[in-house]
Amino acid sequence: MKYPVGYIYIFIEIYASLMSGKRIAFSILGTVKDFVGRKKDRWQRWRPNVALCYQDDLPIDELHLIHESRSSRLADKVILDINEISPQTKVVHHVTEFENPWDLEEVYAKLFDICDQHPFQPEKNEYLFHITTGTHIAQIVCFLLAESRIFPGKLIQTSPAKGDNKALGTYQVIDLNLSKYDKVAARFKQKQLQGTEFLKGGIATRNKAFNHMIDQIERVAIRSKASILLTGPTGAGKSQLAQRIFDLKHLRKQVEGSFVAVNCATLRGDNAMSALFGHVKGAFTGAQNKREGFLVSADCGVLFLDEIGELGLDEQAMLLHALENKSFYPVGADKEVCSDFQLIAGTNRDLQQQVSEGKFREDLLARINLWTYQLPGLADRREDIEPNIEFELRLFEAKENLRVEFNAEAKKAFLKFAMSPQSSWQGNFRDLNAAILRMSTLAEGGRIGVEDVSQEVSRLTQSWRNPEEKLNRVKLENYLNAEQLENLDRFEVEQLSYVIGVCQKHSSMAAAGRYLFNKSRESKSMVNDSSRLQKYLARYGLKWSDLNRFTWRST
């Protein structure tokens with residue numbers, strides 16, 4: 001079928017109209033600035049909502065005018081003038097009562113409801129929120145709604161002009177989609193990098209997995225008050241990281257209280273309850289005075305419970321109640337006290353394993369492991385040994401007011417030892433800190449020499465060897481049945497007991513494999529320590545997950 005040319009043009013116009021979408025504005029009626037005044041001079045005065053619809057290069061298809069019922073007459077007059085200068089603009093009344101236009105909570109709720117009820121189509125229409133009118137509180141709310149994309153559009157500010165264009169005025173469109181602003185995005189990125197460097201103590205770490213973890217912790221630290229669980233071997237830096245998380249939050253004005261650090265391994269019996277939750281006077285024999293407890297001390301701050309796996313089940317139940325309700329009963333009290341704190345917990349134990357053994361509450365673990373981070377030991381971050389050496393040297397200089405450096409040959413020798421598989425770094429960063437402290441103290445003329453390094457290598461090797469000979473023995477009865485034990489040769493008993501003991505001292509199969517195969521791995525073109533260890537354990541029907549079912553008991 002053929003259509004006349006005139007119809008085709010009509011179809012094109014209708015299609016273009018449908019596809020182009022609308023420009024829809026929201027605005028609050030200005031009871032002062034939008035006042036009409038004397039009829040004859042109203043077109044010489046600048047009125048925000050009239051001027052908004054007066055712009056030739058920014059036609060408004062639809063205006064949602066927000067006002068109270070007592071201002072309805074003024075709203076009607078403003079709408080009449082808008083119809084006169086912009087007849088294509090459809091004006092929609094939104095009658096909203098504000099008991100207190102300076103109450104942030106009320107204004108936000110009212111404007112939020114207007115946005116929530118509107119059928120926005122941002123993929124089709126353009127939306128503007130006029131922020132020239134209304135109280136300063138209303139303007140703040142408009143910023144919040146637009147920045148959070150609850151209002152999926154831009155802000156527009158109008159203002160009067162000079163001369164003949166006074167009534168027309170000028171306008172400025174503000175887009176709060178920050179991703180579109182390169183300089184703003186760059187500043188955010190710079191601030192984030194400052195935060196991650198802060199958490200790393202200024203150490204230029206090179207381990208990709210560790211750096212990625214710190215990046216995420218930085219975002220969590222400044223965006224969330226949820227509990228954080230830091231796991232990893234002793235000496236991996238859990239306490240230092242917890243302190244830096246608090247310092248970062250304090251720097252960003254996100255906490256007002258203190259950082260309270262508690263080693264749960266030191267809490268025993270009745271003292272544990274009293275230390276954590278406090279007690280009232282006369283609660284028990286010797287309670288001559290009231291005690292606040294660590295949870296109250298951490299109010300509005302951060303509570304770091306290191307070795308949380310050492311807490312008794314009763315203390316765990318009380319802690320869970322305090323986390324969920326922000327309140328608890330001190331020992332001997334019949335009235336609850338309140339404390340709102342963020343918990344950071346640390347442990348070198350497998351809490352999931354402790355749950356299965358009945359030593360840790362499953363509901364508490366579920367409550368504290370929303371953000372769980374496994375801190376690797378130093379042996380698993382060997383590329384970070386060199387920057388940490390430099391950090392420890394600067395730390396020594398700051399404390400002792402004495403600058404100490406390695407000579408080139410000594411540094412090469414120490415790094416070769418530190419990076420080799422023979423270095424187990426059982427104490428992790430505590431071992432490294434102690435090593436640098438000893439060499440710096442003994443260095444003549446502020447220079448650590450080859451002899452200093454040689455002595456320290458011997459000292460570290462000896463300290464790592466002796467505990468191994470005494471401790472790396474486990475009861476095989478915990479892992480093998482009677483029939484398996486009967487078929488073991490004596491050397492297999494010694495060997496397997498030693499291997500399991502080594503595995504229990506390392507956080508991963510790869511780390512344990514590196515330690516066990518320290519010589520033979522050097523001659524292999526392709527090294528797979530984990531696979532070799534897995535195959536060895538499989539000969540006895542064992543898996544890596546089986547090796548931590550029992551705490552160590554000497555034979």
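1. Helices here are DSSP runs of H or I with at least four residues, and strands are runs of E with at least two, numbered from the N terminus. By that count the chain has 21 helices and 15 strands. Ile140 is found in one of the helices, α5 (residues 136-147).

2. The model is predicted: local features need pLDDT of at least 70 and side-chain atom pairs pLDDT 80 or more, while totals for chains, interfaces and linings use all residues. Residues are numbered from 1 along each chain as its sequence is written, and side-chain values use heavy atoms, with hydrogens and water left out.

3. Of the 555 residues, 44% count as buried (under 20% relative accessible area; exposed is over 50%, partly exposed in between; 1.4 Å probe, protein chains only). Among contacts (heavy atoms within 4.5 Å) with a separation of 6 or more, 71% join residues 24 or more positions apart.

4. Helix α7 (residues 208-223) has 16 residues and reaches 23 Å from first to last C-alpha, close to the 22 Å expected (1.5 Å times one less than the number of residues). Its buried residues include Phe210, Met213, Ile214 and Ile217. In general, an α-helix has 3.6 residues a turn, so residues three or four places apart point the same way.

5. The N-terminal end of α7 is capped by Asn207, with a side-chain oxygen 3.2 Å from the backbone nitrogen of Ala209.

6. Ile140 counts as partly exposed because its relative accessibility is 44%.

Methods. A polar contact is a pair of N or O atoms within 3.5 Å; within protein, one must be able to donate a hydrogen and the other to accept it, and residues adjacent in sequence count only if both atoms are side-chain atoms.
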